[in-house]
Amino acid sequence: MDIDLVCFYEDHEDQTYQNLKTVLIEKNLSTEELFKSSHVFLNPDFLKYVLRSVEQHAKFIRNIYIITNSSLPKWLNFGYSKIQILSYKSIVPSNLLPTYNYSIVEQHIVNIPTLSEHFLYMPENVFFIKDVDQNFFFDNHYRPYIRFKDVFCRDRKVKYKKYAAIRNSIDICERYFDVRPRFFKHCNIEAFYRKDIVDCLGYISDEINKMSTRFASDDDVSRYIWTYYSYIKKRSVLKYPNLYMSSSFTKIFTNILLNFIRDSQEIKLSQKKYKLSKNAKMFSFNKNSKATEKDEERAMAFLEKLFPKKAEFEF
């Protein structure tokens, strides 16, 4: 089974990005706050360590597709055959461009012509730390595993637009399929079956058309909708039992237990000390409101220590 990997690269300090942002603000088509709410930016050089982790620990990956709206980093060797660079305009219809809405671009990932039927989506803040194979992401029937974190509450406070998109996706499932998914995915490398996404987008095309074509909005539809759809149609498998339990004690105990057996881990950038679980095969760096530039510098040093070896894709 061929498995490709898709990831994004975005540099908010890129001059092209900054110039267009300035024009849009001057024409009153946007605000600084709108740009900030559309993205939670991380250091763009995180991608180098993401790809180093793939080369080191996920050798089964066939091709890596990097989708970007920025100038690419100087360290990236464009001649490396395993990596293909795609601009937004190569997969997103021209009438939806320009866009700074990740959700819009994500909903068109399936337009990558040579993308494998089974593929992985790797956020720019997730890294492999141990060797994995395709069985880590798909069962014997080629169904994707869903690694989840917790229940997503209807009334959960929405701080970032991405959470509004997730909540909207849950609401859409309830309206279209009479099922309200109760799990919130763990931040990790996500596995997908391309046909499921195409089928899902066919069902909810009216909702996709409501999305803002330029910036993140409360009408956005998260890529979570693909996972929820495949789960509702019984085409994917929950990796862990649901943590939504009536007993708060049982829920706390189960969370503690899963911290020992869970194969993926989340680390906050603002943590005083970065420590990896011995059972984790991948981890994510999550940027919260307390994170500072010094925290990102510490994270970069931590990643350099984890992945010191220069990869084939680097100059």
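Trainee: Among contacts in the chain between residues at least 6 apart in sequence, what percentage join residues at least 24 apart?

Mentor: Contact here means heavy atoms within 4.5 Å. By that rule, the share in this chain is 72%. Bear in mind that this is a predicted model: local features need pLDDT of at least 70, side-chain atom pairs count only at pLDDT 80 or more, and totals for chains, interfaces and linings use all residues. Residues are numbered from 1 along each chain as its sequence is written, and side-chain values use heavy atoms, with hydrogens and water left out.

Trainee: How many helices and strands are there in the chain?

Mentor: Both are DSSP runs numbered from the N terminus: helices are H or I with at least four residues, strands are E with at least two. This chain has 10 helices and 12 strands.

Trainee: Is Asn63 buried or exposed?

Mentor: Buried means under 20% relative accessible area, exposed over 50%, partly exposed in between (1.4 Å probe, protein chains only). Asn63 has 14%, so it counts as buried. Asn63 sits in the loop between helix H3 (46–57) and strand E2 (64–68). Leaving aside residues up to four places away in sequence, Asn63 touches Ile3, Asp4, Leu5, Ser81, Lys82 and Gln84.

Trainee: Which residues have the most contacts inside the largest nonpolar core?

Mentor: A nonpolar core is a set of buried Ala, Val, Leu, Ile, Met, Phe, Trp, Tyr and Cys residues joined through side-chain atoms within 4.5 Å. The largest one has 45 residues, and Ile64, Ile66, Phe127, Phe128, Phe137 and Phe285 have the most contacts inside it. H3 gives this core its largest share, six residues. A second, separate core has 40 residues, including Val110 and Ile146.
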